Amino acid sequence: MEGPRIYFTIPVFGGININETEVNLVIVTLLLLIASLVLTHKLEKIPRKKTQILAEKIVITIDNLVEQTMGRRYANFAPFIMTIFASSIFGSLIGVVGLRSTTQDFNTTLAWSLATAFFIHYIGFKYSGFLGYLKSFAEPVAFLTPINLIGIVTTPMSMSLRHFGNVLGGSIIMSLIYTALGSLSAMIHLPIPILEAGIPAILSLYFDLFSGCMQAFIFTMLTMVYISNTGPSDDIPA
């Protein structure tokens, strides 16, 4: 498997390469922006348009998911969770139309994981204070402190590698299947590469659609759990 292609180089600071992932991230961002503008165009107090009804259904679903998983105290994280979830799904599904999935680049999932890590520590400092949060790394016993400190690095790394590895693994499998079916079509002298058009399309439903959506859901669930576990729950006064 080759990395993302470099489209052009900006001649500043020694040359900044603009690669395939960055271009596709811009495309995904524009798609999300267009979808948001369409769904929220001319909102009404009493929704009658299907687009507004759909928009409100999405917002309510995410709000309920955040509240049930993290608690009402963390309701303001709903936009962040929705952004990661939508970016992950769209970033994976653009592979269906022949573009390279943005989640095939480790830098993409690592950036999301680092953002999650920032909020994990922000919540810890906010509710426990500086010294209180530092003391939490010595719990439940002091000799586990080095292991708990290692978790600062391993948490974002494990999240990013899990998402990246699953998407990349599916892409590699699909590439191998295309190559094998292409060779089989040539071997049996098919005038039309039916095998390459039929079987991969079925498998793509799993690797591109189901797996992409599943990884987005897992990543956002882990994000909510890690952030909410750092601070107090709803039944504990702040």
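A residue counts as exposed when its relative accessible area is over 50%, as buried when that area is under 20%, and as partly exposed in between. In the predicted model described here, K42 has a relative accessible area of 63% and is therefore exposed. K42 sits in the loop that joins α1 to α2. The backbone at K42 has a positive phi of about 55 degrees, although the residue is not a glycine. Most residues other than glycine have a negative phi. A positive phi of about 55 degrees is also found at F13, again not a glycine. F13 belongs to the loop between β1 (6–10) and β2 (16–19). With 80% relative accessibility, F13 is likewise classed as exposed.

The chain contains six helices and two strands. In sequence order these elements follow the pattern β-β-α-α-α-α-α-α. Of the 238 residues in the chain, 32% are buried. Among contacts in the chain with a separation of 6 or more, 65% are between residues 24 or more positions apart.

Helix packing was examined for two pairs that involve α3. Two packed helices are described by the angle between their axes and the distance between the axes. For helix α1 (residues 20–39) and helix α3 (residues 78–93), the axes come within 10 Å and cross at roughly 120 degrees. This angle makes α1 oblique to α3, since the range for a roughly perpendicular pair is 65 to 115 degrees. The crossing of α1 and α3 is right-handed. On the α1 side the contact involves V28, L31 and L32, and on the α3 side A86, S87, F90 and G91. By class, the residues of this contact of α1 with α3 comprise five nonpolar, two polar and no charged.

The second pair is formed by α2 and α3, whose axes come within 9 Å and cross at roughly 110 degrees. The two helices α2 and α3 are therefore roughly perpendicular to each other. The crossing of α2 and α3 is right-handed. Residues I58, I62, D63 and V66 of α2 meet A78, I81 and M82 of α3. The contact of α2 with α3 is made up of six nonpolar residues, no polar residues and one charged residue.

Aromatic residues were considered next. The structure holds eight aromatic pairs. One of these is formed by F77 and F119, with the ring centres 5.2 Å apart and 85 degrees between the planes. The F77 and F119 pair is edge-to-face, because the angle between the planes is over 60 degrees. F77 lies in the loop between α2 (50–70) and α3, whereas F119 lies in helix α4 (residues 106–136), so the pair ties together parts that are 42 residues apart in sequence. F77 has a relative accessible area of 7% and is buried. F119, by contrast, is partly exposed at 22% relative accessibility. Both F77 and F119 belong to one aromatic cluster, which also contains Y74, F80, F118, Y122 and Y127.

Helix α4 also includes L134. The relative accessible area of L134 is 41%, so this residue is partly exposed. L134 and G124 are 10 residues apart along the chain, and their C-alpha atoms are separated by 9.0 Å.

With residues up to four places away in sequence not counted, T21 touches P4, R100, T102, D105 and T108.

Note on methods
Residues are numbered from 1 along each chain as its sequence is written. This is a predicted model: local features need pLDDT of at least 70, side-chain atom pairs count only at pLDDT 80 or more; totals for chains, interfaces and linings use all residues. Side-chain values use heavy atoms; hydrogens and water are left out. Axes are lines fitted to C-alpha atoms, for helices over the stretch in contact, and angles run from 0 to 180 degrees between N-to-C directions. Helices (H or I, at least four residues) and strands (E, at least two) are DSSP runs, numbered from the N terminus. Angles under 35 degrees count as roughly parallel, over 145 as roughly antiparallel, 65 to 115 as roughly perpendicular and the rest as oblique. A crossing is left-handed if the near helix is turned anticlockwise from the far one by less than a right angle, and right-handed if clockwise. Contact means heavy atoms within 4.5 Å. Ala, Val, Leu, Ile, Met, Phe, Trp, Tyr, Cys and Pro count as nonpolar, Asp, Glu, Lys and Arg as charged, and the others, Gly among them, as polar. Rings of Phe, Tyr and Trp (its six-membered ring) pair if their centres lie within 6.5 Å; planes under 30 degrees apart count as stacked, over 60 as edge-to-face and the rest as tilted. Buried means under 20% relative accessible area, exposed over 50%, partly exposed in between (1.4 Å probe, protein chains only).
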